[in-house]
Amino acid sequence: ALATALASCSTASKPKLSLSGSSTVAPLAAEIAKRYEASHPGSRVDVQTGGSSRGIADARSGTAQIGLVSRALKPEEADLQATTIAIDGIALIVNRANPVRSLSDDQIRAVYTGAISNWRQLGGADAPITVVTKAEGRSTLELFLEHFRLDNRRIRASVVIGDNQQGLLTVAADPHALGYVSIGTASQEAEAGTAIRLLPLAGIAPSLENVRSGRYPLSRPLNLVIRPPAAAGVAPFLAFARSPEVHDLVEAQFFVPPAR
């Protein structure tokens, strides 16, 4: 369904905007793009995924006019300019059948470094933990490592995933899996009946309300990134993507609209 949503069919002669990058931002960008095309006759917006690193690289090289990046820009990315279209959080997820309801930061660190390897040590079933982590180049991985003060070389993973959907499918299919993904994507899937459960972090529920208030400890901006000056047609799209006209689309995907 995502591939269908991301492909915008139109004639090649129309002005075209190309967006690429984060799998967290792409579904929202695709919905914004559809509304933009409907309200701006003759426009065409193409959205592709590939991770935040691809978003940065494509915006820099001009392969895409806009990069999709699910984190704040780094000091060494000062040549780029970010427009925040939503705020998201990162949630730890388990299979819905897993009896474990919460994990401390220390327990999470111990699982991801291999010091704890069985759910029995955490009050769960006597079963090995399937440790699910994100691939290099994914901003979700970078933020997870930074928050838990972990070095990726110390991670002892059973499964390495790319996008959020892959993580959700892996955990939904394995009663003993532990992973981490976008709160927005996970909340949407859980509400739709996918067999996952979001765990609190430091006792704070991974909810829109807690992300909005700033209480949730692991949140991030979802950005549209360009290399100035903006190419033709880019500025109107950026303004539209940040406007109240699309806040319903932001909230429909369980993200928080940016403060004005």
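Hi everyone, let's start at Ser182, which sits in strand E7; helices (H or I, at least four residues) and strands (E, at least two) are DSSP runs, numbered from the N terminus. Before going on, a word on the source: this is a predicted model, where local features need pLDDT of at least 70, side-chain atom pairs count only at pLDDT 80 or more, and totals for chains, interfaces and linings use all residues. Residues are numbered from 1 along each chain as its sequence is written, and side-chain values use heavy atoms, with hydrogens and water left out.

So, is Ser182 buried or exposed? Ser182 is buried, at a relative accessible area of 0%. Buried here means under 20% relative accessible area, exposed over 50%, and partly exposed in between (1.4 Å probe, protein chains only). Not counting residues up to four places away in sequence, Ser182 touches Thr24, Asp88, Gly89, Asn164, Arg220 and Phe255, where contact means heavy atoms within 4.5 Å. A polar atom of the Ser182 side chain also lies 3.0 Å from the backbone nitrogen of Thr185.

Now for helix H4, residues 105-112. Its buried residues are Ile108, Arg109, Ala110, Val111 and Tyr112. What do they pack against? They meet strand E4 (81-95), strand E5 (130-134), helix H5 (139-147) and, once again, strand E7 (177-182). Just after H4, Gly114 takes a positive phi of about 90°.

Tyr112 brings us to the nonpolar cores. A nonpolar core is a set of buried Ala, Val, Leu, Ile, Met, Phe, Trp, Tyr and Cys residues joined through side-chain atoms within 4.5 Å. The largest has 43 residues, and Leu92, Tyr112, Phe144 and Leu178 touch the most other members. Strand E4 gives the most to this core, with five residues. Apart from it lies another core of 27 residues, including Ala26, Val47, Leu68 and Leu238. Back to Leu178: leaving aside neighbours within four places in sequence, its contacts include Leu92, Val111, Tyr112, Trp119 and Leu199.

Leu199 belongs to strand E8, residues 196-199. There, Ile196 and Leu198 point one way, Arg197 and Leu199 the other way, and all are buried. In a regular strand the side chains alternate between the two faces of the sheet. E8 runs antiparallel to E4, joined by four bridges; two strands pair if DSSP finds at least two bridges between them. Arg197 in E8 is the bridge partner of Val94.

On to charges. How many salt bridges does the structure hold? There are 12, a salt bridge being a side-chain nitrogen of Lys or Arg within 4 Å of a carboxyl oxygen of Asp or Glu. In one of them, Lys34 meets Glu31 at 3.2 Å, N to O. Both lie in helix H2 (residues 26-39), three residues apart, about one turn of the helix. Lys34 is partly exposed at 40% relative accessibility, and Glu31 is partly exposed at 25%.

Another pair, Glu251 and Arg212, has its closest N and O atoms 3.7 Å apart. This one links distant parts of the chain: Glu251 is in helix H10 (residues 247-252) and Arg212 in helix H8, 39 residues apart. Salt bridges that share partners also join Arg71, Lys74, Glu77 and Glu142 into one network.

Last stop: Gly214, in the loop between helix H8 (208-213) and strand E9 (219-226). Gly214 is exposed, with a relative accessible area of 55%.

Terms used: A polar contact is a pair of N or O atoms within 3.5 Å; within protein, one must be able to donate a hydrogen and the other to accept it, and residues adjacent in sequence count only if both atoms are side-chain atoms.
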